[in-house]
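I opened the model today to look up a few things about its fold and its charged side chains. My notes follow in the order I took them.

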Amino acid sequence: KKERQQARKSTQNFCSEVAKTGDVNACPYGDKCCYSHDLDAFQAQKPDDLSGICPFCPYGVACRFSRTHKKNVSELNYLNKNVQKLLWKNKWKFTWADAHLKVLGLQPLKKSKDTSLEANLCEKKLIDFRGKLYLAPLTTVGNLPFRRVCKVLGADITCGEMAMCTNLLQGQASEWALLRRHSSEDLFGVQICGAYPDTIARTVELINRECTVDFIDINMGCPIDIVVNKGAGSALLMKPTRMKNVIRAACNPMGKPITVKLRTGYFEGRNRVDSLIPYISEWGATAVTIHGRSRQQRYSKLADWGYIYQCARNSPGGLQVLGNGDIFSFTDWNRCMSDCPELSTCIIARGALIKPWIFTEIKEQRHWDISSSERLNILKDFVNFGLQHWGSDTKGVETTRHFLLEWLSYTHRYIPIGLLDVIPQRLNWRPPSYYGRDELETLMASDSAADWIRISEILLGKVPPTFTFTPKHKSNAYDKAENG
């Protein structure tokens, strides 16, 4: 404990109140504060300022752009501290959720004095997904700065990263950050994941009351082991009765529209979504996204668009069906939309990670032979958006760098149009090493983490001496025994 207290008192852990004002007397805790107040020592060890203008600065002297302060707050869905405390103490009143679960016969009603819920909820507004360019919710890399980049490049609909219901109900700030929305996201949804009707119903009520969103998506297709082992994600494909109860529990006639994301089935060769499609609308969902792979496939092998078309053609009139899988060019988009007019739209996931300008290509119906300098400008936009979102102090800079590197672990797979013999590039291609048309293009094509770090240093300055990076995502796990 003494070591932790001494570490807090080190100059690297500077008091935020003193940092904001530059006044050592600004901290209300005075000598009892557990953080350092030594302004001179902090400035002596602080890394050099970065070049450019501060995009967002509540950090005062701690900011890495401390000479150029500018404030521009335009984000929504912050976690209210009072709400967080009530969730911590398990004192939040889930009036609608408990009553709704009792009506469905899924859980007894708990006594509650709060009867104002229905008055606080707005009338449900249905979302028309037809023909709109939808950026899929993407774990880790689909963060708010990345979504802003995609909005600039032409995306119409964005959705937040998958958030676990149990973590949201516990008031975890890190999980609530996944619900954050930028003002430029004019059509925005959040994606939640849970295994049981009660946790889903309470999470939906919480989001309806505390967040500004246009729709709520329930992930019933996540293949990740830690999610499936808890009975959520793709595990629900094996339990249609629980799937029904989860969807029914989430649907509030006065709340936000509920959409569902599914895979074709749990095991390859045993598709089952076509048998569920007629009922999903009855249970209350307004749209369903079908990823054309089984849980067993993860992201290996090509998506089965024929099966997606089959499900779309057999869906009831009130249910919108969205396809997902391997869209990587405007010709892919055109083919899927023309082959099956019953599809409302096609969701774009990994294609947007590798080349976010795919939205521009679809809208302008062209293959964009983008230059390395144009790609670098897109990365610069991401960095600026990241510093606004995560902060412009040292911690914010390194957080931005981390998520930039996670993104670069995908972007190196892009092959410039001018170097291709066959156009367009396919998503499952794994090209050999090659030289680009200039040094920067060659650097961007490298699959080495050391080269990704070099790109980050162009934008964010030198990394700390002990810095290392390992990509988080290893999506191809088809041969694992636990996947069947």
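This is a predicted model: local features need pLDDT of at least 70, side-chain atom pairs count only at pLDDT 80 or more; totals for chains, interfaces and linings use all residues.

**Sheet, turns and charges**

β3 covers residues 158-164 and β5 covers residues 188-193. They pair in the parallel sense, over 5 bridges. I also checked cover on β3. Of its 7 residues, 7 are buried.

Next I asked in what order the strands of the open sheet run. I read β2-β10-β9-β8-β7-β6-β5-β3, which makes 8 strands, with parallel pairing. β2 (134-135) and β3 are at the edges. Each has a single partner strand, so one side of each lacks a neighbour in the sheet.

I moved on to β6 and β7. β6 is residues 215-220 and β7 is residues 258-263. I found 5 bridges between them, in the parallel sense. I216 is opposite I258 of β7.

Then I took β8 and β9. β8 spans residues 287-291 and β9 spans residues 320-324. This pair is parallel as well, with 5 bridges. V288 has V321 in β9 as its bridge partner.

Is β9 enclosed or open to the outside? I counted 5 of 5 residues buried, so the rest of the structure largely encloses β9. I went through its two faces in turn. Q320, L322 and N324 are on one side, V321 and G323 are on the other, and all are buried. The general rule I had in mind is that side chains in a regular strand alternate between the two faces of the sheet.

**Backbone checks**

Most residues other than glycine have a negative phi, and most peptide bonds are trans.

The bond from I423 to P424 is cis, and its omega is near 5°. I placed P424 in the loop between α19 (394-411) and α20 (439-444).

Which phi value does R298 have? I read a positive one, near 55°, in a residue other than glycine. R298 is in the loop between β8 and α14 (305-313). Its relative accessibility is 8%, so R298 counts as buried.

D326 also has a positive phi, near 70°. I found D326 in the loop between β9 and α15 (330-339). Is D326 buried or exposed? Its relative accessibility is 15%, so D326 counts as buried; the cut-off for buried is under 20%.

**Salt bridges**

How many salt bridges does the structure hold? I got 23. I followed up three of them.

I took R295 with D225. The closest N and O atoms are 2.7 Å apart. R295 lies in the loop between β8 and α14, while D225 is in helix α11 (residues 225-228), so this pair ties together parts 70 residues apart in sequence. R295 and D225 are both buried. I then checked for further links. D225, R295 and R298 are joined in a network of salt bridges. R298 is the residue I had already noted for its positive phi.

My next pair was E268 and K301, in a salt bridge at 3.5 Å, N to O. E268 is in the loop between β7 and α13 (273-283), and K301 is in the loop between β8 and α14, so the pair ties together parts 33 residues apart in sequence. I checked cover on each. E268 is partly exposed, at 32% relative accessible area. K301 is partly exposed too, at 47%.

The last pair was E398 and R401, with 3.0 Å from N to O. I found both in helix α19, 3 residues apart, about one turn of the helix. E398 and R401 are both buried.

**A surface patch**

I finished with charge on the surface. Which residues gather in a patch of positive charge there? I listed K81, K85, K89, K91 and K93. K85 sits in helix α4 (residues 81-88). Its relative accessibility is 44%, so K85 counts as partly exposed.

How values were computed
Residues are numbered from 1 along each chain as its sequence is written. Side-chain values use heavy atoms; hydrogens and water are left out. Patches are made of residues with over 30% relative accessible area and no salt bridge: like charges are joined within 9 Å, nonpolar side chains (Val, Leu, Ile, Met, Phe, Trp, Tyr) within 5 Å. Accessible areas come from the Shrake-Rupley method with a 1.4 Å probe; for residues, only the protein chains shown count as cover. A salt bridge is a side-chain nitrogen of Lys or Arg within 4 Å of a carboxyl oxygen of Asp or Glu. Lys and Arg count as positive and Asp and Glu as negative; His and the chain ends are not counted. The place of a charge is taken as NZ of Lys, CZ of Arg, CG of Asp or CD of Glu. Helices (H or I, at least four residues) and strands (E, at least two) are DSSP runs, numbered from the N terminus. Buried means under 20% relative accessible area, exposed over 50%, partly exposed in between (1.4 Å probe, protein chains only). Two strands pair if DSSP finds at least two bridges between them.
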